[in-house]
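Okay, thanks for coming, everyone. Let me put the model up and then we can walk through a few spots together.

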Amino acid sequence: MEPGDTAVIDRAGLDRLVDVLRARGYRVIGPRVRENAVVLDELASGAELPDGWGVETAPGYYRLRRREDRAVFAHSAGPGSWKQFLHPPRRRVLAVGLDLEPEPEPAEETPVRSAFLGVRGCDLAAIAILRRVLGGGTYPDTGFTERSGGLFVVAANCTEPGGVCFCASMGTGPGVTDGYDLALTEHTGAGHRFVVDVGTTEGAAVLAEIGSHRPTESEVAQARESVSVAAGRMGRSMPEVDIRGLVRDSRDFPHWEDVAARCLTCGNCTMVCPTCFCTTTEDVTDLTGDHAERWERWASCFELDFSYMHGGSVRRTGESRYRQWLSHKLGTWHDQFGSSGCVGCGRCIDWCPAGIDLTAELARLAEEASGAGS
Ligand code: SF4
Ligand code: SF4
């Protein structure tokens, strides 16, 4: 086997994949059911994968449902994303005593090599964005580069887009094109199997340990067809307009007030977004005053303090904060990082308590721009 080759494994082969990766020293992270959602978590074995679970999604709505088959990857994005493992929500960055000498990192905070199992095209694109934003440039975040270095990626071509997915219109899915060691396309029903595309030599070596067989032409054709059919079954799509120009030129449109009347400025959308990366730091001391720590935690541009500068917050209204989030994500992100900051995963739509849907908001702004919304 070598990069570019294709093979087939069955459901037992998927279990072996988890075992082989763990035996090679990887912390295997993949989907599993917990607290009425498909979450991403460390897997002790393939038996923990969400066999036969699907999801129903809509704005402000996410429900698990039992499927009639034993599909493992037939669920769209859940509340967690791979960001939480590469860029943790909260981490201690420094601890000092009275001598001001930094204390060593606790052992459990030392990064270990991770294997991500079941990464969709949208999330693979999000990881690539995080690599550029946090891992690139003159001053990369060394915590991020340590966590993302040596990452083994098992991608999952998506054959079951959800009600809030729109990766096809963002050009990030439903199929994966690169950035993986192995890519799986699941075929459910009779002959439950996974067509495996080999992306790297490390992927080929892992696959050799699992054992696989060569696919028939029809198995490969069926796998490719199911991904291309999925592209036409997205629950949503981004309007086909110049999005960058639209968010730049719509600054004073009345529609922002309409969104602000619904938005609770809770920040959920930024927390679940796989590309939102902002953090803040907090310093704490213990009661004796002889031990101090600095913690980094995710921050949200929906927090009032986020834009605090010399005596006040710049973005005091919900309207200005929502507009800032959307304008950065879809507009100025291009100027800063060379791509859109949105990969079309739909999480911010699912997990918005007000059911605000950025594709619908963009469509309304586009209507206003064309004069139809006035
Ligand atoms: S858009 Fe929704 S999720 Fe985001 S801050 Fe507003 S209410 Fe919260
Ligand atoms: S803005 Fe929403 S749809 Fe786009 S990547 Fe973030 S969470 Fe996903």
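So, to start: is Arg297 buried, exposed or partly exposed? Arg297 is partly exposed, with a relative accessible area of 24%. The cut-offs there are under 20% relative accessible area for buried, over 50% for exposed and partly exposed in between, using a 1.4 Å probe and protein chains only.

Quick housekeeping before I go on. This is a predicted model, where local features need pLDDT of at least 70 and side-chain atom pairs count only at pLDDT 80 or more, while totals for chains, interfaces and linings use all residues. Residues are numbered from 1 along each chain as its sequence is written, chains are lettered from A and ligands numbered from 1 in the order in which they are written, and side-chain values use heavy atoms, with hydrogens and water left out.

What does it pair with in a salt bridge? The partner is Glu282, with the closest N and O atoms 2.8 Å apart. By salt bridge I mean a side-chain nitrogen of Lys or Arg within 4 Å of a carboxyl oxygen of Asp or Glu. Glu282 sits in strand S11 (residues 279–285) and Arg297 in strand S12 (residues 291–298), so this pair ties together parts that are 15 residues apart in sequence. For strands and helices I'm taking DSSP runs numbered from the N terminus: H or I with at least four residues for helices, E with at least two for strands. Glu282 is also partly exposed, at 33%.

How many salt bridges does the structure hold? The count is 26. One of them joins the side chains of Asp41 and Arg34, at 2.6 Å from N to O; Arg34 is partly exposed at 38%. That pair belongs to a network of salt bridges linking Arg32, Arg34, Asp41 and Glu48. Another one is Asp252 with Arg251, at 3.3 Å. Asp252 counts as exposed at 66% relative accessibility, and Arg251 is partly exposed at 49%.

Next stop, Asn157. You'll find Asn157 in the loop between strand S8 (152–156) and helix H5 (167–170), and it is buried, at 9%. What does its side chain reach at 2.8 Å? That would be the backbone nitrogen of Val176. The Asn157 side chain also makes a polar contact with the side chain of Thr185, at 2.9 Å. A polar contact here is a pair of N or O atoms within 3.5 Å; within protein, one must be able to donate a hydrogen and the other to accept it, and residues adjacent in sequence count only if both atoms are side-chain atoms.

Now the ligands. The residues around ligand 1 include Cys263, Cys266, Cys269, Phe302 and Cys352, where being near takes a heavy atom within 4 Å of the molecule. That shell divides into nine nonpolar, three polar and no charged residues. For the classes, Ala, Val, Leu, Ile, Met, Phe, Trp, Tyr, Cys and Pro count as nonpolar, Asp, Glu, Lys and Arg as charged, and the others, Gly among them, as polar.

Phe302 itself is in the loop between S12 and strand S13 (308–309), and it's buried at 2%.

And ligand 2? It has 13 residues around it, the closest being Cys273, Cys342, Cys345, Gly346 and Cys348. Helix H11 (318–337) and helix H12 (347–350) each supply at least two residues of that shell.
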